[in-house]
Amino acid sequence: MGEAIAPNVNSAKTTAGTNPKERHSGPDWNRLQQALGVEAERGFENIQGRQYRFSEFLCLSFGKVPPGLAADDRRRWRETAEKFAQYGDLAESGRKRLVAQTRQFLFKARRQVEAKLAEEQGAIAPQRSPSSRVRERGGSESDPGSKNRGSKKAARTKTTDISGKVAHQSAKTYSLDTPLTQVRGIGPRTAKKLGSLGLLTVDDLLHHYPRDYIDYARQVDIRALETGETVTVVGQVKRCSCFTSPKNSKLSIMDLVLRDRSGQIRISKFMAGARYGSVKWQQGQKRLYAPGKTVAASGLVKKNKYGITLDNPDLEVLDHAEGQIQSMQVGRVVPVYPLTEGVAADTVRRAVATVLPAATKVPETLPRTVRDASGVIKIAEAIAAIHFPPGDDILQQARRRLVFDEFLYLQLGLLKRRHQQRQATTSAVLAPTGVLID
């Protein structure tokens, strides 16, 4: 796991190097978040990469302030580099707090930098002719919606506003016709299996809508849990054990006892695979979920011999009881996609999250006047929200827009067929005389 930091270290060196595009857009945000995530998973032990330790890599990464940050955030950026210089001297609680604060600060900083870049590109755009901009964006001059499809950076920032954290999972905005084999995180095997569902390109994946949703967004007290519900509970760890099953050497089990103000609950996670049987990995899990730490757990409420529990839940360690949950699954509405054999649900979710910024490239077919009169949102907003809805209201708006399009295209198809039939209809010419005429 520690080797995952090595690419980040190389990235930190090249970001300050000769690539002007990288210098302008800031550091490799995704790799920084990845490094922070790996450090959290390993129990904040300042893991060693191929070239640098975690703290050294973070010092290098925060050594150059990206353009576009406000004055207070520029100062905080430099202070973060100084804090990671002292990371090795911090206690575990201090390391945990610093990592959590840095993750949240990076999300804020990235939005600022990308918004600034989008603003600068927008200021340059009017110098080009309107017709050339329309051709670049694939729209028409009469379509107001086409004005927002030009800049990749602007598009990515806009998607962030729609779907929050999800849009940041991708380091680039793919074109709609990009094959899934060229999408980061989708290997040849997965691409082949997705192809059996008819998913071959980014556009296919964007239009592969969820068939249902699991609502983990509702947070309840432990005492109020009821069998059959999907919920999120937040509590402190009372006890944690992680061990290999005595009946199956390839199955590891982690037992957690969480408690809140209303009661306590025992939950178990089952992990199949040889790497989970490593004593070092299991000890790392015990440190990560040490007694006293605050954990958010999301899952289906079931009943077993120990009483009420959550069925193999998703977990995330929080900085405190009111801490912000960063996971794609814990504490939020999770999409459920039609699947095929051999493709896990998380695989499809991650793939969709990776290509989601490309939703801004889907052509807007309805002019603003029609959208306003019909009360529907833009197609890019609808596609982003149908996959990862930030709330029920926007989910209903997304559904309404997509259903509106389906009925509109159906009606247009029927009208076209009717018009073609009328054009092809010919009248019979009757002779002026004859037995039948008489």
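Reply: Mean pLDDT is 75 for the protein, and 75% of the residues reach 70 or more. Two stretches fall below that. Residues 1-25 stay under 50 in pLDDT, and the model has 51 contacts beyond four places in sequence for them. Residues 124-171 also stay under 50, with 90 such contacts. Where pLDDT is low, the predicted coordinates should not be read in detail.

Now the overall build. The protein has 15 helices and seven strands. Of its 438 residues, 44% are buried. Take the contacts between residues at least 6 apart in sequence: 63% of them join residues at least 24 apart.

Next, helix α15. The helix runs over residues 392-424. Its 33 residues should span 48 Å at 1.5 Å a residue, and the end C-alpha atoms are 48 Å apart, so expectation and model agree. The buried residues of α15 are Ile394, Leu395, Ala398, Arg401, Leu402 and Asp405.

Arg401 has 0% relative accessibility, so Arg401 counts as buried. Its side chain meets that of Glu364 in a salt bridge, 2.9 Å from N to O. This pair links distant parts of the chain: Glu364 sits in the loop between α12 and α13 (368-374), Arg401 in helix α15, 37 residues apart. Glu364 is also buried, because its relative accessibility is 7%, under the 20% cut-off. Asp405 joins in as well: Glu364, Arg401 and Asp405 are linked in a network of salt bridges. Side chains of opposite charge can pair when their charged atoms come close.

Phe407 lies in α15. At 51% relative accessibility, Phe407 counts as exposed, since the cut-off is over 50%. Phe407 belongs to a nonpolar surface patch with Val403, Leu410 and Leu414. Together the four have about 360 Å² of accessible area.

Val348 belongs to α12. It counts as buried because its relative accessibility is 2%. From Val348 to Pro335, 13 residues apart along the chain, the C-alpha separation is 9.7 Å.

Turn to the loop between α3 (29-41) and α4 (54-61), where Phe44 is found. Phi of Phe44 is near 60 degrees, a positive value in a residue other than glycine. At 7% relative accessibility, Phe44 counts as buried. Asn46 is in this loop between α3 and α4 as well. Its phi is near 55 degrees, again positive in a residue other than glycine. Asn46 counts as buried at 8% relative accessibility.

Glu45 ties that loop to a helix. Its side chain meets Arg287 in a salt bridge, 3.0 Å from N to O. The pair links distant parts of the chain, with Glu45 in the loop between α3 and α4 and Arg287 in helix α11, 242 residues apart. Glu45 is partly exposed, at 29% relative accessible area. Arg287 is partly exposed too, at 33%.

Helix α11 spans residues 279-288 and holds Gln285. With a relative accessible area of 9%, Gln285 is buried. Leaving aside neighbours within four places in sequence, Gln285 is in contact with Glu41, Cys240, Cys242 and Met254.

Asp311 and Lys302 form a salt bridge, with closest N and O atoms 3.6 Å apart. Asp311 is partly exposed at 38%, and Lys302 is partly exposed at 37%. In total, the count comes to ten salt bridges.

Terms used:
Residues are numbered from 1 along each chain as its sequence is written. This is a predicted model: local features need pLDDT of at least 70, side-chain atom pairs count only at pLDDT 80 or more; totals for chains, interfaces and linings use all residues. Side-chain values use heavy atoms; hydrogens and water are left out. Helices (H or I, at least four residues) and strands (E, at least two) are DSSP runs, numbered from the N terminus. The expected span of a helix is 1.5 Å times one less than its number of residues. Buried means under 20% relative accessible area, exposed over 50%, partly exposed in between (1.4 Å probe, protein chains only). Contact means heavy atoms within 4.5 Å. pLDDT is the predictor's confidence in each residue, from 0 to 100. Patches are made of residues with over 30% relative accessible area and no salt bridge: like charges are joined within 9 Å, nonpolar side chains (Val, Leu, Ile, Met, Phe, Trp, Tyr) within 5 Å. Accessible areas come from the Shrake-Rupley method with a 1.4 Å probe; for residues, only the protein chains shown count as cover.
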